Amino acid sequence: QAYRYRQQTVNCVYGDTKELNFEANANWQLTSSATWCRFMNDGHEDYSLSGTAGKQTVTLKITDLEGG
């Protein structure tokens, strides 16, 4: 099965929440190694997020550089 990855650039500053939109043709997982970038999931902040195929909207939360 072939997978295509499309890079998206999201411009943001401290305190922002941004939406990341994409369409997946298979199960997917996003992971952030940056402590200042988290994924919002049902009111919780996580460093990884996964889902199933289809159109997706993921909310990013940008905190300070120390991850506070």
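The backbone oxygen of Asp-42 lies 3.2 Å from a polar atom of the His-44 side chain. The model that shows this pair is predicted; local features need pLDDT of at least 70, side-chain atom pairs count only at pLDDT 80 or more, and totals for chains, interfaces and linings use all residues. Residues are numbered from 1 along each chain as its sequence is written, and side-chain values use heavy atoms, with hydrogens and water left out. The pair is a polar contact, defined as two N or O atoms within 3.5 Å; within protein, one must be able to donate a hydrogen and the other to accept it, and residues adjacent in sequence count only if both atoms are side-chain atoms. His-44 sits in strand 4. At 53% relative accessibility, His-44 counts as exposed. Exposed stands for over 50% relative accessible area, buried for under 20%, and partly exposed for values in between (1.4 Å probe, protein chains only).

The overall architecture is considered next. The protein has 6 strands and 0 helices. Its pattern along the sequence is β-β-β-β-β-β. Strands (E, at least two residues) and helices (H or I, at least four) are DSSP runs, numbered from the N terminus. The protein has 68 residues, and 25% of them count as buried. It exposes about 5,300 Å², of which carbon and sulfur atoms supply 45%. These areas come from the Shrake-Rupley method with a 1.4 Å probe; for residues, only the protein chains shown count as cover. Contacts (heavy atoms within 4.5 Å) were also sorted by separation in sequence. Of those between residues at least 6 apart, 53% join residues at least 24 apart.

The interior was examined through its nonpolar core. Such a core is a set of buried Ala, Val, Leu, Ile, Met, Phe, Trp, Tyr and Cys residues joined through side-chain atoms within 4.5 Å. The largest one has 11 residues: Leu-20, Phe-22, Ala-24, Trp-28, Ala-34, Cys-37, Phe-39, Leu-49, Val-58, Leu-60 and Ile-62. Strand 1 (17–24), strand 3 (37–41) and strand 6 (54–62) each give two or more residues to this core. Leu-49 is one of the core residues. Beyond its neighbours within four places in sequence, Leu-49 is in contact with Trp-28, Gln-29, Leu-30, Phe-39, Met-40, Asn-41 and Val-58.

The core also includes Phe-22 and Trp-28. Both are buried. Rings of Phe, Tyr and Trp (its six-membered ring) pair if their centres lie within 6.5 Å; planes under 30 degrees apart count as stacked, over 60 as edge-to-face and the rest as tilted. By this rule the count is 1 aromatic pair. Phe-22 and Trp-28 form it, edge-to-face, at 5.1 Å centre to centre and with 90° between the planes.

Charged side chains were treated separately. Side chains of opposite charge can pair when their charged atoms come close. A salt bridge is a side-chain nitrogen of Lys or Arg within 4 Å of a carboxyl oxygen of Asp or Glu. The structure holds 2 salt bridges. In one, Arg-38 meets Glu-45 at 2.7 Å, N to O. Arg-38 lies in strand 3. Its relative accessibility is 11%, so Arg-38 counts as buried. Glu-45 is partly exposed, at 32%. Glu-45 also forms a salt bridge with Lys-61, with the closest N and O atoms 2.6 Å apart. Lys-61 lies in strand 6 and Glu-45 in strand 4 (residues 44–46), so this pair ties together parts that are 16 residues apart in sequence. Lys-61 is partly exposed, at 28% relative accessibility.

Ser-32 lies in the loop between strand 2 (28–31) and strand 3. With 13% relative accessibility, Ser-32 counts as buried. Its side chain reaches the backbone oxygen of Cys-37 at 3.0 Å. Neighbours within four places aside, Ser-32 is in contact with Cys-37, Phe-39 and Tyr-47.

Asp-16 lies in the segment before strand 1. A polar atom of the Asp-16 side chain lies 2.9 Å from the backbone nitrogen of Val-13. Asp-16 and Leu-60 are 44 residues apart in sequence, yet 8.1 Å apart in space, C-alpha to C-alpha. Not counting residues up to four places away, Asp-16 touches Asn-11, Leu-60, Lys-61 and Ile-62.
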